[in-house]
Amino acid sequence: MKFGNPLAAALVITAATVLIVSYALHQPESALLVIIVYIATIIFLSIIVYFLSKIYSKHKSSVDPEDFVEICEDLNTEIAIWSDDFSLIIMNKKLRDLIGIDYEKYDKKEALFTAFGLTKENGEDIQKFIESPSYESTFRNSGGTVSIAWSTSPVKRRKKRSVFLSTGFNLTELKKMKNNLASANDFFKSSMELAEIGLLLSSDKKKFVASPEAAAMLGINSGTIDISVLRSMIHPNDRIHFERAVKYADASGNVNSIEMKIKGSGGAYRWYNFRYKSIIGTANTAPVFGGALLDVTQEHEKDILIERLAYIDEVTEISNRNKLMATGQELYDTCNVLSHSYWIIVLDIDRFHIVNDTCGYENGNYILKNFAHILYKFVTPGGIAARISGDNFALILKDYGDDDLPSRTARSIQDEFAKLAVDDFEAITLSCSAGFSKMPGDGNSFLDVMEHAEFALKSANGSQSTIIGYEPSMHDSIIGRNELEKALALAIKNNELQLFYQPKIDLKTDKIMGVEALIRWIKPDGTIIKPDSFVPVAESSHLIGKISEFVLNEGCRQNKLWQKMGYPNIVMSINFTSTDFYQADLKEKVLEALAKSKLDAKWLEVELTETLALSDIDFAVSQMNKLRELDVKLAMDDFGTGYSSLSYLQILPITLLKLDRSFITDIQHDNIAFEIVSAVIRIAKSKKIETIAEGIENKEQEEILRKAGCDYGQGYLYGKPMPAEKMNEFFEENAKINAGTKSGNN
Ligand code: C2E
Ligand code: MG
Ligand code: MG
């Protein structure tokens, strides 16, 4: 029955029928009419009731309870319709499947209680269940534990029973996820603990949140640490890397890592690897900077051994060139980012090869080690001291705006180095020279800047104890030098070097007693270049060795040739620079030249300057003695221009003293010059050392010198330096004069 109440309709119809029948029995004449009217009325009423019921049902509900149950049946959520006396229990398919029961055979109340997480014992909790806006039930099915949050509302309330609609929300998956998340979190935590990884995170780069592991590493009690405190715990050398990490991380967004030493809980520095990243903030999220802190001290200790091999200089135990280049470039890169600047000082031990040759390898190493230690004292935080090669060192100092710092530091190093005593070699004076430049301004890379400091050092041109700062204008002269060097190298190859000879005359006999070999560079166009213009360049490069070898061999060869030509035996004097003279194999080279030319050693003389001999007197004496052992003569050139200490005449095994031209030039008018020259000649004679005067240009000078007892003379008066062929003529002339004198005398 789909409309109206059948009982009410039946009662109405029955009552109406009783009334009509009783009326028809009392008035039979009108009974037919009454019955017809009755039947018509019934039909009419039925039609009315039908339409009313239609209207009524429309107003009352759009869903029939059965339709409602049907709709619930297929809904994708757990639904139960039940009455509080449990006479009505309907569960939809979703709920039935979840409980996993054969619904027809199962006790419905038991099934409902299972779904609601109630038992017989706590059955009275059903009231709580109804009243709770969200009652969470848990039960087990074949798949495991199921959790449902129930929401219940009454749908019908009658005197005897109320009907409720319970809608479930399945929490099972959510709970699983939550549990997984919790265990992932636990796993993460214990992983961090096991791996001893600390986390440092910051949203403002001012305060860092430290994980318990990080807090333990850093030895801090609270879970937060200020960046300034953290910074102060980082080793000064590594702070720059940390600062760079914090500052840089923004831009890249990549994971990067740095290694730094941190003085943490143990009170001693330990090595940490800090892998960091920056996450840029959005409208909804704050920016985060942070990373993982891992104690890598042990690995580092192993690495130190490897690093020692790669980065530490074996002799001095300070950083080597590789380390310098790596650190230098790193510092160079930070300069632009952090607006820092650094000084690079390159240092060279003056005449170290001489020291090494004289004092031996052991003492040489001792000097290098001590030089490194001195250098190390001047290293400031963030800087480095390194041995670049041989006797070359470098020091990088942070610049704090004091432009005098590199010179002052280099001077202090020179002072300390000068104090260094080498056992058994007290007489050795130790000095060093320095060149410096500044980065990033003085070059496009660290190498560039360092090379400029080396340029500055080289520009001192072998002078000792120099300190020179790099200036871009230096390039001009250096480029000039380089070109000259190249041209000279080519000239040597093309045999453009030639020896000129200047006669030396015996003042007693006027006979030629010797010649001084003086080098000339004769260009293909005939231009003659004097030694003063190219010997210093040759001396500051490897070319001097080649030149000296040529002079030695050519001088000996020519002298022997003159002897063979029948000219009188004379002494061939050759000039030696410091580099030539202090060669360890000097004796061998001279011997070789003599052997090759078959010249007797007594016809060879080596000229040395005072400055050269006195720069390292012990070594000089030993080298001189070696030459004297061969019977080679030794002349002290330019005497009077250097130290001029006559006491050295006692020590140096020289055979001839050459009075410098400066004394001779005005000797006829300059009384003091005359007195000095006379005294020197007297003293030399007393030491059995012969004397020669340089630069005699006139007879007056010659006469004064002869009277003063000077043995020999050299100068334009007798002849300018000339080629060998011209010397042949000179020999002839000299022989004639002497013959003339002789015959005249006769
Ligand atoms: P030095 O050894 O003192 O040579 C003497 C210089 O004085 C020569 O200059 C010579 O030409 C110059 N001279 C000689 N007599 C007179 C004179 O009466 N008046 C004047 N005004 N000058 C005179 P030069 O040849 O130009 O040599 C200059 C210096 O170059 C030499 O000084 C020597 O130290 C160096 N030198 C020359 N040849 C060689 C060489 O083969 N090897 C090395 N290492 N140095 C050399
Ligand atoms: Mg000379
Ligand atoms: Mg001279």
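Reader: How many salt bridges does a search of the whole structure find, and what makes a pair of side chains count as one?

Author: The search finds 27, where a salt bridge means a side-chain nitrogen of Lys or Arg within 4 Å of a carboxyl oxygen of Asp or Glu. The model is a predicted one, in which local features need pLDDT of at least 70 and side-chain atom pairs count only at pLDDT 80 or more, while totals for chains, interfaces and linings use all residues. Side-chain values use heavy atoms, with hydrogens and water left out, residues are numbered from 1 along each chain as its sequence is written, and chains are lettered from A and ligands numbered from 1 in the order in which they are written.

Reader: Why is the pair of aspartate 399 and lysine 438 called a salt bridge?

Author: The closest N and O atoms of aspartate 399 and lysine 438 are 3.4 Å apart, which lies within the limit, and therefore the pair qualifies.

Reader: What makes glutamate 702 and arginine 706 a salt bridge, and where do they lie?

Author: Their closest N and O atoms are 3.5 Å apart, so the pair meets the cut-off. Both residues lie in helix 26, four residues apart, about one turn of the helix. Glutamate 702, at 2% relative accessible area, is buried, and arginine 706, at 27%, is partly exposed.

Reader: How do you know which residues hold the magnesium ion (ligand 3)?

Author: Donors are N, O and S atoms within 2.8 Å of the metal (3.2 Å for Na, K and Ca), and as water is not among the atoms, sites may look incomplete. Asp637 (OD), Asp638 (OD) and Glu694 (OE) lie 1.8 to 2.3 Å from the magnesium ion (ligand 3), so they count as its protein donors. The magnesium ion (ligand 2) is 3.8 Å from the magnesium ion (ligand 3), and aspartate 637 coordinates both. Glu694 also belongs to a network of salt bridges with Lys504, Glu516, Glu605, Glu607 and Lys658.

Reader: Why are strand 13 and strand 16 placed at the edges of their sheet?

Author: Two strands pair if DSSP finds at least two bridges between them. The open sheet has five strands in the order 13-14-12-15-16, with mixed pairing. Strand 13 (384–389) and strand 16 (467–469) each have a single partner strand, so one side of each is left without a neighbour in the sheet. Five bridges join strand 13 to strand 14 (residues 392–398), which run antiparallel, and therefore these two strands count as paired.

Reader: How do you know how much confidence the predictor places in the model?

Author: The pLDDT is the predictor's confidence in each residue, from 0 to 100. The protein averages 84, and 83% of the residues score at least 70. Over residues 59–63, however, the pLDDT is below 50, and beyond near neighbours in sequence this stretch has two contacts in the model, a contact being heavy atoms within 4.5 Å.

Technical notes
Buried means under 20% relative accessible area, exposed over 50%, partly exposed in between (1.4 Å probe, protein chains only).
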